[in-house]
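Subject: Structure handover

Hello,

Here is the structure we talked about handing over. Please open it alongside this email.

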Amino acid sequence: EVPPLDVPELLAVLVRQSGPFLDQFGIRRNLCDKIVENLCSKRKNQLVLRSLVAGEPPAVDPDKINDELDLRIASVLQSTRHCSESGGSWTDFMKPDVTDRKRHVAIVTTASLPWMTGTAVNPLFRAAYLAKSAKQKVTLLVPWLCRSDQELVYPNNLTFGSPEEQENYIRNWLEESVGFKADFRISFYPGKFSRERRSIIPAGDTSQFIPSKDADIAILEEPEHLNWYHHGKRWTDKFNHVVGIVHTNYLEYIKREKNGALQAFFVKHINNLVTRAHCHRVLRLSAATQDMPKSVICNVHGVNLKFLKIGEKVAAERELGQQAFSKGAYFLGKMVWAKGYKELIDLLAKHKNDLDGFKLDVYGNGEDAHEVQSTAKRLDLNLNFQKGRDHADDSLHGYKVFINPSVSDVLCTATAEALAMGKFVVCADHPSNEFFSSFPNCLTYKTPEDFVAKVKEALANEPQPLTPEQRYNLSWEAATKRFIEYSELDRILNNEYSGTTIRKSNGKAIARSVSMPTLSEMVDGGIAFAHYCLTGNEFLRLCTGAIPGTRDYGRQHCKDLHLLPPQVESPIYG
């Protein structure tokens, strides 16, 4: 119903935007204003009429004409549902007034339920607890897989016909886990599953799925993973503050592959470059991850409330004199060699005689299950293999000792859960376990002989009940507080917008001035531009291991997510 822009209005916009350029040829600003005023004669007449009706002198302020022109353009853009990303006077005008609204936090991750992996579960809890404070609006952006990929990734042959169906599943699981209804938005971006990497790779520009009006604060869960093949807008250009959270020790996994040392060398430098170019701040869950620019170490993950409740129940039973633990030791984890199974079998094989009579129950499923079990059988180890199950399952409550020899984890969730349930934990003296070492029930070992001693100590004694402070430190409330502090989010949330975002002055929306970039910022910008150029070349993408056709999303994603085809969304003329 809004009439399109006519030729004089388009010319007026062109003249106004060309002001600095025309100034170089001696064409003064007041002359440009006159041209705009004459081109907008219709608007001028309307303003004069309004002034006469209001009983004011029929003078027309050029600023009023400019404001009217802005309103006219904004209404046309809104009527076409077009949202420009390129900046300019009308896009600034269309951005909401930040003084009248909450800040917006967008959490972008690389996995989603029902895949029970750390990058699916932990960002979901982070979104829930950030939204709980009601100080900011929160959006969780997760990958949407086509049905063929869902069949490969999701357990128990679980698949979804639409994003709405998967969102309902996620929300039901979350509400059952945290005990409250979390008020945040869930959005989806196109993703494809890589069998070789056993991970989901984004397809297309992930940043485009956060509208410009909500592009305020971004939290990139696994920033290196999200940006390896990211061919789109630079995150720090679109968002005011970008925080990366490093979940995975990729170098440790890569070193175990063929030519691992060489691959790890390249991946290490690529990770450094992409996180430097796309993040303002990087949080590493532990020192087990690679050192990155702009990074600090802090555990910003918590434990599901149900594990803390199990721990409280165990403590209450012990206070009443009841036996809380009726079983010995167990290990739980995905059954792949890299998840601690190699270290576990090596330790038990080397000290089989020292641990005579020691029996360990092992719970897990995975690609290496057959090989792990056959190796244990060949070495005649006293291991009782069971199918994987939820760590909160009733059958696991009675175990007193959790053994975790893994050194590939960044921060083992199962270790935190076992401590929350009041159990002993026997784990390696390794940077990934540094956060847990302050808990009295965490017994760390440095040598194989020390491992034997710690296992015997744990089996011979009773674990200490957790204090209220220790329980709090394991909770998601404490993890969220640490995250806000170490990501500098508290400073960002309390301050006004920085950079070029708009603010109010005497009731009028204006843009802040842009300061000259520092040398470091110029280098970061150069890295981002080079990365953008390289990821735009399909041949180079394939050479570095990208999934074919992931520079843009495909036809099935367009159908599932109701998207315009990439060639319509971002046309190339030539």
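Below is what was found in it, from the overall make-up down to single residues.

Overall

Please keep in mind that this is a predicted model. The protein has 574 residues, and 49% of them count as buried. Its secondary structure comprises 25 helices and 16 strands.

Cores

The largest nonpolar core holds 105 residues. Within this core, L174, F184, L348, L360, I403, F451 and F483 touch the most other members. Helix α7 (residues 118-132) gives the largest share, 9 residues. Where does this core lie? Domain 2 (104-302 + 518-561) and domain 3 (305-474) both contribute residues, so the core lies between them.

Take L174 as a way in. Leaving out residues up to four places away in sequence, L174 touches L124, F125, A128, G179, A182 and F184. Another core, of 20 residues, lies apart from the largest one. Its members include Y189, A215, L226 and V246.

Surface patch

L262, F265, F266 and I270 make a nonpolar surface patch of about 420 Å². F265 sits in helix α13 (residues 260-278). Is F265 buried, exposed or partly exposed? Its relative accessibility is 48%, so F265 counts as partly exposed.

R281 belongs to strand β7 (residues 281-284). Its relative accessible area is 19%, and the cut-off for buried is under 20%. R281 is therefore buried. Setting aside neighbours within four places in sequence, R281 is in contact with V242, V243, G244, K294, V296, Y486, S487 and E488. R281 and I219 are 62 residues apart in sequence, yet their C-alpha atoms are 9.6 Å apart.

K294, one of those contacts of R281, also forms a salt bridge with D524, with the closest N and O atoms 3.2 Å apart. D524 lies in helix α22 (residues 519-535), and K294 lies in the loop between β7 and β8 (295-297), so the pair ties together parts that are 230 residues apart in sequence. Which category does each partner fall in? D524 is buried, with a relative accessible area of 4%. K294 counts as partly exposed, at 32%.

Other salt bridges

The structure holds 23 salt bridges.

- E175 pairs with K181, the closest N and O atoms being 3.7 Å apart. E175 is partly exposed at 35% relative accessible area, whereas K181 counts as exposed at 69%.
- D552 and R551 meet through their side chains at 3.9 Å, N to O. D552 is partly exposed at 34%, and R551 is partly exposed at 31%.
- R185, K213 and D214 are linked in a network of salt bridges.

S75 is found in helix α5 (residues 62-79). S75 is partly exposed, with a relative accessible area of 26%. How far apart are the C-alpha atoms of S75 and P4? They are separated by 9.6 Å, while the two residues are 71 residues apart along the chain.

Backbone geometry

Most residues other than glycine have a negative phi, and most peptide bonds are trans.

- L113 and P114 are joined by a cis peptide bond, with omega about 10°. P114 is in the loop between β1 (103-108) and α7.
- N156 is not a glycine but has a positive phi of about 55°. N156 lies in the loop between α8 (147-153) and α9 (163-178). N156 is exposed, with a relative accessible area of 74%.
- D380 has a positive phi near 60°, again in a residue other than glycine. D380 is found in the loop between α16 (369-378) and β11 (383-386). At 59% relative accessibility, D380 counts as exposed.

Best wishes

Technical notes:
Residues numbered from 1 in each chain as written. Predicted model: local features only at pLDDT ≥ 70, side-chain atom pairs only at ≥ 80, totals over all residues. Heavy atoms only, no water. Core = buried A, V, L, I, M, F, W, Y, C linked by side-chain atoms within 4.5 Å. Buried < 20%, exposed > 50% of the residue type's maximum accessible area, 1.4 Å probe, protein only. Helix = DSSP H or I, 4+ residues; strand = E, 2+ residues; numbered from the N terminus. Domains from an automatic or database assignment. Contact = heavy atoms within 4.5 Å. Patch = residues over 30% accessible without salt bridge, like charges linked within 9 Å, V, L, I, M, F, W, Y side chains within 5 Å. Areas by Shrake-Rupley, 256 points an atom, 1.4 Å probe, with all protein chains shown as cover. Salt bridge = Lys/Arg side-chain N within 4 Å of Asp/Glu carboxyl O.
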